[in-house]
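Me: I would like to go through this structure one feature at a time. Please give the general idea before each case.
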Amino acid sequence: MSPHAGTAGLTPHTLAFVESPVQLLNVLEWAHLRAPRAEAAAGGGLTLVVLSPTDPMTRGQLRRMADLARDEGHTVRWEEARGGPAAPFQTIGGLTRLLRKADRIVMGDPFSRYVQLLLTITKARELVVVDDGTATMEFVAQLASGERLVRWHRKGGRPGPRDLIFAPVSSAARRRLTPSARRTVEIFSSMPIETTPEGVTITANAFAWTRATFGPPRITKGADMVGTSLVETGVVDNDRYLEAVSALAKTHGATRYFAHRRESTEKLHRLAVETGLEIVRPDLPLELIARRGPIGRTILSFPSTVVHTLPLALVGTEVRVAVCDIDPAWLTENASPRAQGFLSGVTGTARDVHRLSAVTAA
């Protein structure tokens, strides 16, 4: 894939920035609803900029998603944004002209320092935030309350030196993400949003593109499990997590474990040995994997984005999504003071799911 394939001479009407496969999927969902391809005929269109991370699993899924975006007629620009000390300067320098000419900016992660830095350059009059999973719920709450933008699993901790250095950029980005007479802000989300920030437009993501493009899936009789990166983010203890997965799989007869792209190889190997589950490394976001099938009649998950998105992607099928609460005893001593409340909120606000009590470790 050439770094800037398909971008020569293009003056985009809409410029989208993504750093994860789920963000890219939700840009495609937004584009399906707004049909920017119609704008392309008038000289605009959608240019999708991938600010590529370094881990192989995420890069692989992003490349697959980028192919799907091209199939939809969108332009994809792949940036090795983390390819060395000089990469950020080269990336930002190469994007400055496009940022200044874009009429609309779509972003998947307003907490990203990269995105916040890019927001200080653009003069776009329309800003759109698409889902980056459950983090969207926290972003909306912070925007409504006027708080500084901090990821939920880091909230409560003391700011580090890099946080302090970057604070002026973060504050400037937050002001840009506040609607004004010169700028509109839209949030495109499948997450439950209880408090709408003043002046912000909320648009529901019903996963119409996913359902129109894939499936319906073949449904098997068994159960599948969905992995989480709560161990990797320092929220949940590794041993407690493995014990809970083992107990949950045994209780519900699960045979497959769909790994989160951030889960470590060591943890997954241990999980396979101790539970006997087949570890599946998806090459696309789980919403597309489930929609393509085959998929279990029951999908077991801990609190995560998929308890909100899978029921939408699988509407009209017989698949049941069941979510298991996180026992407070599983949390690490370094977990944010807000962790338990936030995770309970993720579960409690999920629609069309079956709620399971926290399992007792074997």
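Me: Is Phe 111 buried or exposed?

Reply: Buried means under 20% relative accessible area, exposed means over 50%, and partly exposed is in between, with a 1.4 Å probe and protein chains only. Phe 111 has a relative accessible area of 8%, so Phe 111 is buried. Before going further: this is a predicted model, in which local features need pLDDT of at least 70, side-chain atom pairs count only at pLDDT 80 or more, and totals for chains, interfaces and linings use all residues. Residues are numbered from 1 along each chain as its sequence is written, and side-chain values use heavy atoms, with hydrogens and water left out.

Me: Where is Phe 111 found?

Reply: Helices (H or I, at least four residues) and strands (E, at least two) are DSSP runs, numbered from the N terminus. Phe 111 is found in the loop between β4 (104–107) and α5 (113–119). Its C-alpha atom is separated by 9.9 Å from that of Arg 148, and these two residues are 37 apart along the chain.

Me: How many helices and strands does the protein have, and what share of its residues is buried?

Reply: There are 13 helices and 13 strands. Of the 362 residues, 53% count as buried.

Me: What share of the contacts joins residues at least 24 apart?

Reply: Contact means heavy atoms within 4.5 Å. Among contacts between residues at least 6 apart in sequence, the share is 72%.

Me: How do I read the packing of two helices, taking α1 and α3 as the case?

Reply: Axes are lines fitted to C-alpha atoms, for helices over the stretch in contact, and angles run from 0 to 180 degrees between N-to-C directions. Angles under 35 degrees count as roughly parallel, over 145 as roughly antiparallel, 65 to 115 as roughly perpendicular and the rest as oblique. Helix α1 (residues 21–34) packs on helix α3 (residues 56–71) at an angle of about 15 degrees, and their axes are 9 Å apart. That makes α1 roughly parallel to α3. From α1, the contact is made by Pro 21, Leu 24, Leu 25 and Leu 28; from α3, the residues include Leu 62, Met 65 and Leu 68.

Me: Which classes of residue make up the contact of α1 with α3?

Reply: Ala, Val, Leu, Ile, Met, Phe, Trp, Tyr, Cys and Pro count as nonpolar, Asp, Glu, Lys and Arg as charged, and the others, Gly among them, as polar. The contact of α1 with α3 has nine nonpolar, two polar and no charged residues.

Me: What is the handedness of the α1 and α3 crossing, and that of α9 and α10?

Reply: A crossing is left-handed if the near helix is turned anticlockwise from the far one by less than a right angle, and right-handed if clockwise. The crossing of α1 and α3 is left-handed, whereas α9 passes α10 in a right-handed crossing. The axes of α9 and α10 cross at roughly 40 degrees and come within 10 Å. That makes α9 oblique to α10. Among the residues that meet there are Tyr 241, Leu 242 and Val 245 in α9, and Lys 267, Arg 270 and Leu 271 in α10. By class, this contact has four nonpolar, three polar and four charged residues.

Me: Which residues of α10 are buried, and why do they line one face of the helix?

Reply: In α10 (residues 265–275), the buried residues are Lys 267, Leu 268 and Leu 271. Seen down the axis of α10, they fall within an arc of 95 degrees (the arc of the directions from the helix axis to the C-beta atoms), so they line one face. Their cover includes α9 (238–252), β9 (254–258) and β10 (278–280). The face turned away from the buried side carries the exposed residues Thr 265, Glu 266, His 269 and Val 273. Just after α10, Gly 276 takes a positive phi of about 80 degrees.

Me: Where does Val 231 lie, and which residues does it touch?

Reply: Val 231 lies in the loop between β8 and α9. With a relative accessible area of 17%, Val 231 is buried. Not counting residues up to four places away in sequence, Val 231 touches Val 236, Asp 237, Asn 238, Tyr 241 and Lys 267.

Me: Which residues does the cis peptide bond with omega of about 5 degrees join?

Reply: That bond joins Gly 215 and Pro 216. Pro 216 is found in the loop between α8 (208–213) and β8 (219–226). A cis peptide bond with omega of about -5 degrees joins Gly 293 and Pro 294.
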